[in-house]
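Okay, thanks for making time, everyone.

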Amino acid sequence: RQRLAGGLGSLAPGAFKSLKAFRRGCVALRQVPSSSGAMAELWDEARWLPSPAAVSSSSSGHSTGRSSRLRRQSGFSGWLLSAVAAAGPLVAAAQSGVPPPRPIFLYATELTAESFIELVEQVANNTAHEEAPLYLPLVMFHVTWCTHCMHSLPEFEEAAKIVHEAKESGQLSNIQIPPKFFVIECDTGPATQQLCEKHTGTSFPAIKLFRDHRAIRFNRPRKAQVFAWWATHAARPMITMLERSKHVEQVSEHAPAFFLKADFQVHAGIIEAWGQVALDYLEGYNFYVVQPHTEAGKFVQGTAPVAVIRGSGLDPFPFKGAGPDWQRGEMLAWANFNRFPAVTDVAEWSVSDLLGCGMPVVTYAHAGVKDSAFGLSRFTEAAKELRKSSKYLFATMNMSVPETSRFVRQTYKLMTDFGGDYPRIFVFNGVHTYWEDPTFVDSKSMTSERLDSLLANEDAKHDGTWRSGLRERRKLVARLATTSFLGAVIVIAVPSLGASCCWLCFRELWRGDELQEDASVIKKED
């Protein structure tokens, strides 16, 4: 929401109307019944993803005037609106549920194993020429038997048309190297099969943008508008130079923005490492450089070289580095930690970042009632103090929200509420690993030593292994039996019934053998 608001807030009135029309178009499309729910996915994506229109370029090679910037943004929003209008035939195809016919590729280029090396690998790795590449290749790897591929190919061709027309009309003038669309069929022969296994494995369709010796994977709804937006978003410059203080304020008003204050001649190595970090966060964040002698450089606090993050709700620590040559790993760790606020609310738009950050996240799970406010306040105060060590991230979970409760039940099973035992404090690191202690309920006891002790406790750790699974089930049964009389009855009765059934079965089998023996004896006597 904040990112979308940032895009709307910085646009001219005309562009604002265009984006309002785009939003109305998305709502109208969402109301069209679809068996696959494709347009609902598209609208959800449009809601939560940052728009490139929210970021204005003010590098030395472009005009920094407000009017030119607004013209570019207005044109881009108009392009988005035209993308929605062009989606009508594709929506009709999605409604039927029948795979559409293979499109005739006029804007996307079909590849073979040989042309892939020439048109993709050599261009992306810049091995053919010393100057910058003419385009950034966006490749869809597909196979003939894949139904998802059949649905995605027309969308991909439509996106290629949208981007081509936007480029021809000058709407992508702020993108130095435009994207170019390619498709390759992976089951046409041994050579293409081997190439696709190298780049995608066995997952189809796979869409990747190749740039700067990297392959950036597309992982969003496979719709023409999303393809077109993501291609231009991922093709934008890694870093942008700002010269005016008002631009620093604008780009960081509604979304976190990373700034490096450095001199191009003195700190060239640091700026290069900054660009590599920017590539690591290419999809979600924007990185900027300000020179010390400019108005923007004087506005950003600190003595060069220094890196800072600006954004609403953040409480970042400045990065000074361990020496004259900053290491990319140090900068990456600093950016990964400081992109989060002091306490993050676990919700639909934040959970993927928290799960993928690779850091332990200390989480306060509460029931969402009025009495939770005091506990939340105390947890926030303790989190701000403990955060100074940069060892942990901190988050809250409102378990009264159905989506959050369902996510916890499926992912961190021991956090299931059997007896109204919220609030609880636990730690997770990714999808499969978490630490919990049922006695850890009060923020007052949340100290660095207590957290270190929890993470060192093997009995509290659950990481998806079979040993951990057995331990998890044992704890679930024990807690179910001790939380209520009904739970105790269930825990005792279910195994007892199972054992009784097994005993009856064995008894009947044994009696059957005895009857057969008796019948054999009688037969012999006769």
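Let's begin with the sulfurs. Searching the whole structure turns up one disulfide, where a disulfide is a pair of cysteine sulfur atoms within 2.5 Å. Its partners are Cys186 and Cys196, with an S to S distance of 2.0 Å. Cys186 sits in the loop between strand S3 (179-185) and helix H8 (190-199), while Cys196 is in helix H8 itself, and the two are ten residues apart. The torsion about their S-S bond is about -80 degrees, so this disulfide is left-handed.

Before I go further, a word on what you're looking at. This is a predicted model, where local features need pLDDT of at least 70, side-chain atom pairs count only at pLDDT 80 or more, and totals for chains, interfaces and linings use all residues. Residues are numbered from 1 along each chain as its sequence is written, and side-chain values use heavy atoms, with hydrogens and water left out.

Back to the cysteines: are Cys186 and Cys196 buried or exposed? Both of them are buried. By that I mean under 20% relative accessible area; exposed is over 50%, and partly exposed is in between, using a 1.4 Å probe and protein chains only. Cys149 counts as buried too, because its relative accessibility is 1%. Then there's Cys505, which is in no disulfide; its nearest cysteine sulfur belongs to Cys502, 6.5 Å away.

Now zoom out for a second. The protein chain has 19 helices and 15 strands. Those are DSSP runs numbered from the N terminus: H or I with at least four residues for helices, E with at least two for strands. Of the 526 residues in the chain, 45% are buried. And if you take contacts (heavy atoms within 4.5 Å) between residues at least 6 apart in sequence, 71% of them join residues at least 24 apart.

Next, a couple of helix pairs. The axes of H7 (residues 147-168) and H9 (residues 224-234) come within 8 Å and cross at roughly 50 degrees. Axes here are lines fitted to C-alpha atoms, for helices over the stretch in contact, with angles from 0 to 180 degrees between N-to-C directions. On the H7 side the contact includes Phe156, Ile162 and Val163, and on the H9 side it is Ala224, Phe227 and Ala228.

The second pair is H11 (residues 268-280) and H13 (residues 328-338), whose axes come within 9 Å and cross at roughly 45 degrees. These two are therefore oblique as well. Among the residues touching here are Trp274 and Val277 of H11, plus Met331 and Trp334 of H13.

Last stop: Arg236, in the loop between H9 and strand S6 (239-241). Is Arg236 buried or exposed? Buried, because its relative accessibility is 13%. Which residues does Arg236 touch, not counting those up to four places away in sequence? They are Arg211, Leu282, Tyr285 and Asn286.

Notes
Angles under 35 degrees count as roughly parallel, over 145 as roughly antiparallel, 65 to 115 as roughly perpendicular and the rest as oblique.
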